[in-house]
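Welcome, and do keep your viewer open while you read.

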Amino acid sequence: MNRTTISLIAGTAALAAITGFASLTVPGASGAHTAKAAAELPVERTSLLCPAPSASDLADTSYTSFTPLTKGTGSEGKGELRPAMEQSADRTGNVGKTDGKGKTDGKTKTSGKKKTGTAGKPVLTPKEPGKPVTGDTSGSDTPALVGTAEGRFAPGWTVQETTEVAAGTGRGLQGVNCTAPDTEFWFPGASTDASRTDYVHLTNPDDSAAVVDVELYGKDGALKSTVGEGITVGPHSSDPVLLSTLTDEKQPNLTVHVNVRSGRVGAAVQALDDKLGGDWLAASTDPAGSLVLPGIPKDATSVRLVAFTPGDADADLKLRLASPSGLITPAGNETLHVKAGMTTAVDLGDVTRGEAGSLVLTPTDGSVPVVAALRVVRGKGDKQETAFIPATRPVGTRATSADNSGKGTTLSLTAPTRTAQVKVTASAGSEGGTAVSKTYTIKAGTSQDVEAPVPSGLKGTYALTVERVSGGPVYAARTLAATEDGVPGFTVQTLPDDRGTVAVPEADQDLSVLQK
């Protein structure tokens with residue numbers, strides 16, 4: 001039994017470090033023979049998927065890769081981003097009969113003609129943990145990217161994709177954190193309205209095809225469509241599916257549910273508006289009774305909350321704004337009733353009124369799981385721009401945002417329940433500079449736009465890593481802003497826990513008791 005038991009413990013530790021999940025039960029072990037408290041070990045492999053950035057010839061895209069320094073990693077490892085090998089030629093994800101103008105009938109479930117990226121050639125390779133690496137591209141033919149980091153580059157690996165579109169539908173600043181592959185995603189805040197062009201991008205990192213269902217839920221429930229069922233995403237490929245090809249209904253507020261039948265994918269929604277610019281809508285955190293949506297810009301002119309409950313029970317939510325002085329209730333929007341299986345939207349106006357803010361949703365009575373996101377508008381008249389803020393996980397142990405600049409970055413920190421102490425580290429710059437750290441105290445019920453540290457002697461861009469030191473849960477978001485021709489371009493990314501470590505059960509130091 002000695003070899004079997006010891007091998008089981010070692011094998012479980014290795015599996016946990018690679019996958020981020022493992023559990024261990026030693027048969028017959030009890031008392032002094034049980035495993036000790038779990039130890040936190042760095043993950044050994046991480047995958048990230050970046051969607052194709054834009055169909056515009058006027059798009060300029062930058063990628064920033066960063067891995068924070070992590071204790072316990074070895075000296076070996078590598079990381080790289082490679083182009084996805086296939087992509088829909090017309091960026092619809094469906095290539096059925098056309099009307100001669102490039103529009104499809106939406107009847108086919110898989111992509112037809114493909115265009116191929118530079119297979120086998122990395123486009124971005126990290127050099128060392130603690131220092132960002134950047135890469136730039138332009139035009140409409142930039143493919144989706146499939147990334148893998150191993151060894152010392154894996155724990156907390158973050159890649160930011162930022163695109164500037166000079167004119168046209170979706171013009172402005174668009175940003176997204178490249179996501180890990182998964183089997184389910186929720187996107188409240190999408191639309192098939194006439195003014196919107198929304199795509200859900202599906203990227204498959206694996207050697208076998210993935211089969212995906214895309215479901216749409218509007219104000220009256222599920223939208224009837226068979227076109228979104230059984231979409232096949234080929235190995236190492238990416239398909240952007242135009243939502244308006246999945247239904248004939250034009251609805252301004254939708255929830256998109258991506259459910260993977262087999263395999264796994266990365267998913268993100270690109271929401272492009274004819275007049276209000278556009279941005280990426282990242283997935284909401286898993287359905288939960290209480291949610292936090294951090295980082296509403298203080299100069300937001302319009303904020304819309306979109307919520308959905310996937311269960312069979314209605315949800316009644318209390319709405320509160322975490323401000324610099326504490327939790328306040330928006331006048332006229334104290335509560336929100338969300339009917340089961342239906343998307344509910346409410347306009348909150350300029351809810352922040354010139355101060356930093358984060359929206360906190362809690363149940364008024366019984367807890368019912370919900371997902372939610374905010375559509376935020378800055379500017380007025382024909383000088384407006386849009387971004388989205390999904391409900392997010394807390395920072396947890398650590399979270400990172402890459403691609404920051406000295407003047408265009410705003411870091412928002414929220415402690416909804418208890419006072420917390422937070423450490424923020426600005427990494428070395430991509431082209432030079434020295435890392436700097438600063439500690440902040442965020443009082444219970446408040447949201448603060450902190451003056452984040454900037455690397456000394458900064459050259460290039462840098463990463464911000466947030467670590468909770470003590471106290472209650474902390475939620476964070478980073479806003480990038482760049483004004484072009486009077487249009488206040490901006491994009492907001494939340495900072496959920498990077499899951500750079502995994503709990504692995506420690507074997508008892510004396511294993512001789514098992515050697516019988």
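## Overall picture

Of the 516 residues of the protein, 53% count as buried. Please keep in mind that this is a predicted model. The secondary structure consists of 1 helix and 38 strands.

Taking the contacts with a separation of 6 or more, 81% are between residues 24 or more positions apart. The accessible surface comes to about 21,600 Å², and carbon and sulfur atoms account for 49% of that area.

## Nonpolar cores

In soluble globular proteins, nonpolar side chains tend to be buried together. Here, the largest nonpolar core has 29 residues, and Leu-305, Leu-361 and Leu-374 have the most contacts inside it. Strand 21 (residues 315–323) gives the most to this core, supplying 4 residues. A second, separate core has 27 residues, including Ala-190, Val-214, Ile-231 and Leu-246.

Leaving aside residues up to four places away in sequence, Leu-305 touches several leucines, among them Leu-319, Leu-336, Leu-348, Leu-359, Leu-361 and Leu-374. The residues touched by Leu-305 also include Thr-344, Ala-345, Val-346, Ala-372 and Ala-373.

## Strand 7 and its partners

Strand 7 (residues 145–151) pairs with strand 2 (residues 45–50) in the antiparallel sense, over 6 bridges. Within this part of the model, Leu-48 stands opposite Gly-147 of strand 7.

Strand 4 (residues 77–83) also pairs with strand 7 in the antiparallel sense, over 7 bridges. If you look along strand 7, you will find Thr-148 as the bridge partner of Glu-80.

## Aromatic rings

How many aromatic pairs are there? The count comes to 3. The rings of Phe-185 and Phe-187 have centres 6.3 Å apart and planes at 15 degrees, so this pair is stacked. Phe-185 is buried, at 7% relative accessible area, and Phe-187 is buried too, at 0%.

Tyr-217 and Phe-308 make a tilted pair, because their ring planes are at 40 degrees, with the centres 4.8 Å apart. This pair links distant parts of the chain: Tyr-217 lies in strand 12 (residues 210–218) and Phe-308 in strand 20 (residues 302–308), 91 residues apart. Both Tyr-217 and Phe-308 are buried, and together with Trp-186 they form one aromatic cluster.

Methods. Residues are numbered from 1 along each chain as its sequence is written. This is a predicted model: local features need pLDDT of at least 70, side-chain atom pairs count only at pLDDT 80 or more; totals for chains, interfaces and linings use all residues. Side-chain values use heavy atoms; hydrogens and water are left out. A nonpolar core is a set of buried Ala, Val, Leu, Ile, Met, Phe, Trp, Tyr and Cys residues joined through side-chain atoms within 4.5 Å. Buried means under 20% relative accessible area, exposed over 50%, partly exposed in between (1.4 Å probe, protein chains only). Helices (H or I, at least four residues) and strands (E, at least two) are DSSP runs, numbered from the N terminus. Contact means heavy atoms within 4.5 Å. Accessible areas come from the Shrake-Rupley method with a 1.4 Å probe; for residues, only the protein chains shown count as cover. Two strands pair if DSSP finds at least two bridges between them. Rings of Phe, Tyr and Trp (its six-membered ring) pair if their centres lie within 6.5 Å; planes under 30 degrees apart count as stacked, over 60 as edge-to-face and the rest as tilted.
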